[in-house]
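Biologist: Could you walk me through this model, starting with one residue and then widening the view?

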Amino acid sequence: MPTGRIRGPFGIYLLFVMLQCYWKLGCGQLSYSVSEEVNPGTSVGNLARDLNLNVHDLETRMFQIVSGSKRKYFDINLKTGSLYVTERIDREELCAKAAQCTVNVEAVVNNPLKLYRLVINIVDINDNAPFFSEKLQSINIAESTAPGGKFGFVGASDHDVAKNSVSTYKLSRNEYFSLEVHKNEDSVSAELVLQKALDREKQPTIKLTVTAVDGGNPPKSGTAQIIVSVLDINDNSPVFSNSLYKARISENISVGSTVIILTAVDADEGINAEIEYSFRSKGQDRVLDLFQIDSKTGAVVIKGDIDYEENPAFEIHAQASDKGQPPMSAHCKVLVEVLDLNDNAPEITVTSLLNTVKEDAQIGTAIALVSVLDKDGGKNGEVKAVIVNETPFKLETNYKNYYSLVVDGPLNRETVADYNITIVATDEGTPSLSRTNTVNIKVSDVNDNPPRFSESLINVYVKENSPVGAVIKTVSAYDADVDNNAHVTYSFLQTNSDSLSSAKLVNINSETGDIISLQSFNHEELKTFQFKVQATDSGVPPLSSNVTVKVLILDENDNNPTILAPYSEHGSVNSETIPYSAEAGYFVAKIRAVDADSGYNALLSYHLSEPKGNNLFRIGTSTGEIRTKRRMTDNDLKTHPLVVLVSDNGEPSLSATVSIEVMVVESTADVQTQFRHVPIKEDSFSDLNLYLLIAIVSVSVIFLLSLISLIAVRCHRTDGTFSRYSTPMITTHPDGSWSYSKATQQYDVCFSSDTLKSDVVVFPTPFPPADAELISINGGDTFTRTQTLPNKEKVRPMLIYKILHQSLLCNIVLF
């Protein structure tokens, strides 16, 4: 992997070997190495191949690189699976003087979700030359200094590390000084060593050039010029008790605390033996900001805040100078080690992988990456992270202080739409420090709730003759989901059980649920129909539910009563004759009528209209029988025109009329009625007649016993008590008729005492209302309504029995 800074085939080969060979998979991580300053687009390694992933699946599985730092130095090529550099990497900017520089990234792949930890080692290249902070340095040396004397100077620095940093020093050729180089683990320093006695009168100044050389390939160098000034005699220079001092201090040590006391002595006397201590003023600006030295005692004192995380150690250059002329000085080095204290709480960094999590997410689905770092070292830097509140999530350890936030239980957006996950990171220091971070996770909706109706059966009551296009009912279903998953549309659900096609009768608005009539309903043709409405949401896949809608057509009084034959024949002369000797209550005629409506709208009443002043006839309001009120007198007319008005009980009431002319004759032999012309079949008395007679007598006896029992029960109970039960109610009328009613059905059965004109007329009621009323007709031709409770029992057996009984009675008489 050549770069613009690498020269020669050996460097290219070495870099290639480093990139291809220095990777490993262990402890859950994959390691690569790449040199700093490589061009953007440079391949680091084939990540897909190393992870055994199919290159063609990278896009569909949404393979991505998640960086824990602010800058994204690496990315993945989804076409080839190669991990490549996205921008310039400067190791010195990224890691400063750290011995090892790494960039940690996470690789995430979905379906199924997997996390891979990548550690990329940034390899230092020799891209920085050594440099001296002081290009021109001055040293004063007495001419009496004996050969072998050593003199320090400001050393060089190099931003590179390891072998690419300063490796050695070189001194320009001269006859007075040589260079002594000191190498230790972390640094290289040098001192000037006097090789030949100085003579101020012969050469008052000596110019030297020092070159610092690093260990890179090829090596780089930097130079500085040292000017040595030869001073007059000051016989002895100060001497430190140690050339190297070592001390330990705790971080956060208070300002003013003494680190160490340096001691130097001078063999001279008087002013030449008075010593002043100082720090070297050049090349150690950070030291001068944090430390100071007492010029008289040599005590090194804390001046600023010491932080282990910024500087774990200090190298201080001090000097002791006497006050002689010329002044003599000595140099020493002080190594200060900073002991770590647990003064930094852990830092929590959360990198979200998903903006929202679906409520049907599987257990183990990764939501975010959580990294916990502590700037402290040792035990103080060991951190453990936990979730402290009750949530369906947990932290899974990936590698050291790296975690994955994953789903640990079922989610339900309808119950909890978002979670605030409290993560607490605690270090192992004494006392331990902790930090809290709250992660907000929003749960997104999936279509897991079908629309629901409030009831399974909806009854709709519609009046007949209602206008076409009217909204007869609005159905509504609730969906607990949101957005499109909660958008409900309505439609008809056709089933094989539908007797009528609902599409011909009603329509439904798919958005509002309004059910609209497509025709005007006629109760006499259609009393009830039902259909199913389906509510479907807009989710994927859509969910639905059904409700049964039962439409009940309510009867309206829209049909007039119809007069039955023989009086309904058009063009016929409706006339009847009665004898002059007729007694009060003499049967004249019977008007029969029917109404196509139901219930009260079909309950008919009969009224008689006579000439003014005539009070000879009356009519049964419920039976339609016309009878005489009194005997004839000589003042009565021989011909009586009557108008019979038949009215129903609807609102408003509808009616029909029929005209009858009653003529008075002298002899009963002249009396003729419509019913007297009914032919009577003359049959001989046979066994069949005998059996029929026995049956009629038996039924009559049972009927009489039942009637007596019913009257006894009615007399025993009050009307209010009786109405609490569903027992059929029978009302008798003074004219010989009776009414039968139950809560679910009502029939009026009229029976006449006149054998020739007896018949049975049954009036059915409409579809049952919530409760029913019984209408009976009293002797005074007035209406009485009795309220009854609903009953679901069928009345058909009882009704058939009564109709059969009346018919049999009629047959007995005829027989």
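Modeller: Let us begin with V66, which lies in strand β4 (residues 64–67); helices (H or I, at least four residues) and strands (E, at least two) are DSSP runs, numbered from the N terminus. This is a predicted model, in which local features need pLDDT of at least 70 and side-chain atom pairs count only at pLDDT 80 or more, while totals for chains, interfaces and linings use all residues. Residues are numbered from 1 along each chain as its sequence is written, and side-chain values use heavy atoms, with hydrogens and water left out.

Biologist: Okay, is V66 buried or exposed?

Modeller: V66 is buried, because its relative accessible area is 9%, and buried means under 20% relative accessible area, exposed over 50%, and partly exposed in between (1.4 Å probe, protein chains only).

Biologist: And what is V66 in contact with, leaving aside its neighbours within four places in sequence?

Modeller: Contact means heavy atoms within 4.5 Å, and with those sequence neighbours left aside V66 is in contact with V105, E106, V108, T351, L353 and L369. For N104, I can give you a C-alpha separation from V66 of 9.4 Å, the two residues being 38 residues apart along the chain.

Biologist: Which residues have the most contacts inside the largest nonpolar core?

Modeller: They are L47, F63, I65, F74 and L83, in a core of 28 residues. A nonpolar core is a set of buried Ala, Val, Leu, Ile, Met, Phe, Trp, Tyr and Cys residues joined through side-chain atoms within 4.5 Å. At least two residues of this core come from each of β2 (29–35), α2 (47–50), β5 (74–76), β6 (82–85), β7 (102–109) and β8 (114–123). Apart from this core lies another, of 27 residues, which includes A247, L262, L290 and A318.

Biologist: Back to F63 for a second, what does F63 touch?

Modeller: Not counting residues up to four places away in sequence, F63 touches L47, L51, L53, L58, I76, L78, A107, V108 and V109.

Biologist: What about phi, say for M62 and A162?

Modeller: M62 has a phi near 55°, a positive value in a residue other than glycine, and M62 sits in the loop between α2 and β4. A162 is not a glycine either, yet its phi is positive at about 55°; A162 lies in the loop between β12 (156–157) and β13 (166–171), and it counts as exposed because its relative accessibility is 65%.

Biologist: Which residues make the nonpolar surface patch of about 320 Å²?

Modeller: That patch is made by L693, V697, V701 and L705. V701 is found in helix α6 (residues 687–716), and it counts as partly exposed because its relative accessibility is 42%. Accessible areas come from the Shrake-Rupley method with a 1.4 Å probe, and for residues only the protein chains shown count as cover.

Biologist: And how many helices and strands does the protein chain have?

Modeller: The protein chain has eight helices and 57 strands, and buried residues make up 44% of its 815 residues.

Technical notes:
Patches are made of residues with over 30% relative accessible area and no salt bridge: like charges are joined within 9 Å, nonpolar side chains (Val, Leu, Ile, Met, Phe, Trp, Tyr) within 5 Å. A salt bridge is a side-chain nitrogen of Lys or Arg within 4 Å of a carboxyl oxygen of Asp or Glu.
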